[in-house]
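Hi everyone, thanks for coming. Please have a look at the picture before I start talking, and then we will walk through it together.

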Amino acid sequence: VGIPGYPADADLFACTAKKEAAPPPPPVRRTGAAEKYAPVAEGAPSTTSSARQLATLARELAVCRSCGAGRGPVVPGQGSATPLLFVIGDCCRGTDNSVVTVWGEEEDALFWKMMAAIGLDRESVYVTNCIKCGQDKGAPPDAELGRSCFSFLELELLALQPELICTMGEL
């Protein structure tokens with residue numbers, strides 16, 4: 001991208017600056033399916049309730065047929081029920097059911113090396129995709145499939161209520 005380096009100045013990053021605590025946002029009225037996953041509550045969700053909501057979501061995802069397309073293996077999100085970082089990719093490409101990956105074996109290995117380099121492990125991060133079914137290795141991510149799966153991504157976000165979200169990929 002044309003950036004040869006960056007200064008290692010602690011004041012450069014907003015996360016290191018001392019800030020006053022912001023007031024909590026006002027409660028949002030959730031309707032429909034979202035109500036059973038994340039009732040409006042003060043503070044962050046508990047690990048138990050988040051894990052239970054993710055387990056329910058994984059069961060629903062396993063039987064989903066909303067896109068009508070030929071499905072590859074289901075690729076649910078994975079990681080901490082109380083993550084410091086919530087990472088969203090586009091889709092899993094070219095994997096089989098015997099290896100549990102989010103993006104693919106090589107991609108996952110590189111991602112976890114990057115997380116280790118910044119001091120994060122699998123207990124600090126939750127990773128998921130916009131498209132919840134594995135795709136062909138050479139196929140570009142399909143925005144229509146992303147729209148079909150969006151409700152699952154939304155429910156993951158409601159269950160975990162992460163403070164920091166990182167998006168990756170083409171969608």
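**Two helices side by side**

Helix 2 and helix 4 are roughly antiparallel to each other, a label for angles over 145 degrees, while under 35 is roughly parallel, 65 to 115 roughly perpendicular and the rest oblique. Their axes cross at roughly 170° and come within 9 Å. For this, an axis is a line fitted to C-alpha atoms, for helices over the stretch in contact, and angles run from 0 to 180 degrees between N-to-C directions. Helix 2 covers residues 47-62 and helix 4 covers residues 143-160.

Before I go on, a word on where this comes from. This is a predicted model, where local features need pLDDT of at least 70, side-chain atom pairs count only at pLDDT 80 or more, and totals for chains, interfaces and linings use all residues. Residues are numbered from 1 along each chain as its sequence is written, and side-chain values use heavy atoms, with hydrogens and water left out.

Back to our pair. Which residues make the contact? From helix 2 come Ser50, Gln53, Leu54, Leu57, Glu60 and Leu61, and from helix 4 come Phe152, Leu155, Glu156, Leu158, Ala159 and Leu160. Contact here means heavy atoms within 4.5 Å. Sorted by type, the residues of this contact are eight nonpolar, two polar and two charged. Nonpolar covers Ala, Val, Leu, Ile, Met, Phe, Trp, Tyr, Cys and Pro; charged covers Asp, Glu, Lys and Arg; the others, Gly among them, are polar.

Let's pick out Leu54, which sits in helix 2. Is Leu54 buried or exposed? Leu54 is buried, at a relative accessible area of 15%. Buried means under 20% relative accessible area, exposed over 50%, and partly exposed in between, using a 1.4 Å probe and protein chains only. Leaving out residues up to four places away in sequence, Leu54 touches Tyr126, Glu156, Ala159 and Leu160. Leu54 and Leu160 are 106 residues apart in sequence, yet their C-alpha atoms are 8.5 Å apart.

Now follow the chain out of each helix. Val63 lies in the loop between helix 2 and strand 1 (78-79), and Val63 is exposed, with 61% relative accessible area. Gln161 is in the loop between helix 4 and strand 4 (165-167), and Gln161 counts as partly exposed at 29%. Most residues other than glycine have a negative phi. Gln161 is not a glycine, but its phi is positive, about 45°.

Let's zoom out. The protein chain has four helices and four strands; these are DSSP runs, H or I of at least four residues for helices and E of at least two for strands, numbered from the N terminus. Along the sequence, the pattern reads α-α-β-β-α-β-α-β. Of the 171 residues in the chain, 36% are buried. Among contacts with a separation of 6 or more, 73% join residues 24 or more positions apart.
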